[in-house]
Every structure is written in C-alpha cells, then in structure tokens.
Amino acid sequence: KYNMLSPGAAVIAAVSGGADSMAMLLFLMKISERYSLSLTVAHVNHGLRGDEARRDEEYVRSFCEKNSLRFEVLHADVAALAKQSGETCEECGRRVRYEFFESIDKNAKIATAHTASDNAETMLFNLARGSSLKGLCGIPPVRGNIIRPLLCCERSEIEAFLRDNNIIYCTDSTNNGTDYTRNRIRNEVIPYLQQNINPQTVANIASLAENAALAEEYLAKQTAEC
C-alpha cells in the first residue's frame, strides 16, 4: 500500500528486544527471501536502565547469532548527552538512535516498530497540547527512508503473533510507570477509553489519522497549485 520495500532493499531493523520490535524483526525475516532483503539488526543501549538494558542487549544479540543476522549495537550515555545539549532524554534518545541507524548505511531503509497503539498515543498527545490538522495525521507509515510496517497493528495482535511463533521478548519496566506523558496516555487514558467508551478506540483513531493524512496531502497540493 505504501511502497515501503522493493526487491533487493537493504533494511536496518531497529530492535529493542520488546514485543513490538521482535514482531517486526520476525516479520522482516519471514519476507526476507521473497524480497531479497539485506537485513541488519540495530540495537541502542541508552545507558538509562542498567542491568535491564544489558539484558535486552544480550537477548537481541543472542537472537541474531542464532538466526545468522548481522547485529550492530551502540552504547550511549543519553542522560549526559541530553544535559549537554539541553534536550529532554526522550528527544536526545531519538536523535542518537536515528544518527546511529543512518551511520550504518545511509542508503538503507530504517524499519521501526511503531504500532497503531503508538499512533493513538501520539494523536491524543498532540490533540491535548493543541494541534492543527497536521498533528492529527499521527505517525506516517513512510517518512523518507523510514518505514513502519507494524503501524496497522494493535498490541494485542502483535502479542498473538509472537505467541503463535513461540517468540519471547523483553519488557521495559519504565513503560509501566506514569512519569512520562506518553506513559500516562498508554497506561491510563487509552485503557479507560477502551473499557468505558469504545473497545475500538485505537482502530478508530488509526482511521482518523489516515483520513487526516489524506486531507492534509490534498490541501497541501491544492495550496501549492494556487
């Protein structure tokens, strides 16, 4: 639908070891022969979670070794880098990750494991802060060389896919807290909406994002022609 991949493409899969990224990696492995993909797994240890982060790194490394996948890892002190640059840890971590992915192969596609659930969080976050139509477009399936093949999937579907394929995954304990706004949306707001308003909340938000993106694209095109 979005022309994410072409035969013979080089793909850098951003893999944390969590459920979403392991599902994405497994999916890419399953289609690798069909598309003749050159697949590299990239993992970033942000230096924020101590032993837990080392556990995640070793899990991804071991998985790649067992499946004969190229593995690249970056160790970064994101807290120190953020303090130096004046960014938040989230902003700095994102910048560091993408700079690392680009450094591996500037011509490769970068596959990230954003899901429909992540998209819902982003849209609700933008809406709460105040957003134009562009903010309601959410996370784009394709942006430049970045592709997001799981953006149509909800977390429940991803967990079922992993169970069916007997794939274990790591759990980031920081995702369970409410220190960050996104965590509060993920752990409190969306579950409340699903349980008390509509169980199809995430799917409906995904549909709105797609419609908003089409409207934004149309308006931008019409404006450019004026």
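The crossing of α5 and α8 is left-handed. The model is predicted.

User: How are the axes of α5 and α8 oriented to each other, parallel or perpendicular?
Analyst: The axes of α5 and helix α8, residues 201-225, come within 9 Å and cross at roughly 70 degrees. Angles of 65 to 115 degrees count as roughly perpendicular. The two helices, α5 and α8, are therefore roughly perpendicular.

User: How many nonpolar, polar and charged residues does the contact of α5 with α8 have?
Analyst: From α5, the contact draws on A116, S117, N119, A120, M123 and L124. From α8, V202, I205, L208 and A209 take part. By class, this contact has no charged residues, 2 polar and 8 nonpolar.

User: At roughly what angle do the axes of α5 and α7 cross, and what is that arrangement called?
Analyst: Helix α5 covers residues 116-129 and helix α7 residues 181-196, and their axes come within 10 Å. The crossing angle is roughly 100 degrees. The helices α5 and α7 are therefore roughly perpendicular to each other.

User: Which residues of α7 make the contact with α5, and how many residues of the contact are charged?
Analyst: On the α5 side are S117, D118, A120, E121, T122, L124 and F125. On the α7 side are T181, R182, I185, R186, V189, I190 and L193. The residues of this contact divide into 7 nonpolar and 3 polar, and the number charged is 4.

User: Is H43 buried or exposed?
Analyst: H43 is found in strand β2, residues 38-45. Its relative accessibility is 3%, and the cut-off for buried is under 20%. H43 therefore counts as buried.

User: What is the phi of N3, and is N3 buried or exposed?
Analyst: N3 is found in the segment before β1. Phi of N3 is near 55 degrees, a positive value in a residue other than glycine. With a relative accessibility of 72%, N3 counts as exposed.

User: Where does N166 lie, and what is its relative accessible area?
Analyst: N166 has a positive phi, near 55 degrees, and is a residue other than glycine. N166 lies in the loop between α6 and α7. N166 is exposed, and its relative accessible area is 70%.

Conventions: Residues are numbered from 1 along each chain as its sequence is written. This is a predicted model: local features need pLDDT of at least 70, side-chain atom pairs count only at pLDDT 80 or more; totals for chains, interfaces and linings use all residues. Side-chain values use heavy atoms; hydrogens and water are left out. Axes are lines fitted to C-alpha atoms, for helices over the stretch in contact, and angles run from 0 to 180 degrees between N-to-C directions. Helices (H or I, at least four residues) and strands (E, at least two) are DSSP runs, numbered from the N terminus. Angles under 35 degrees count as roughly parallel, over 145 as roughly antiparallel, 65 to 115 as roughly perpendicular and the rest as oblique. Contact means heavy atoms within 4.5 Å. Ala, Val, Leu, Ile, Met, Phe, Trp, Tyr, Cys and Pro count as nonpolar, Asp, Glu, Lys and Arg as charged, and the others, Gly among them, as polar. Buried means under 20% relative accessible area, exposed over 50%, partly exposed in between (1.4 Å probe, protein chains only). A crossing is left-handed if the near helix is turned anticlockwise from the far one by less than a right angle, and right-handed if clockwise.
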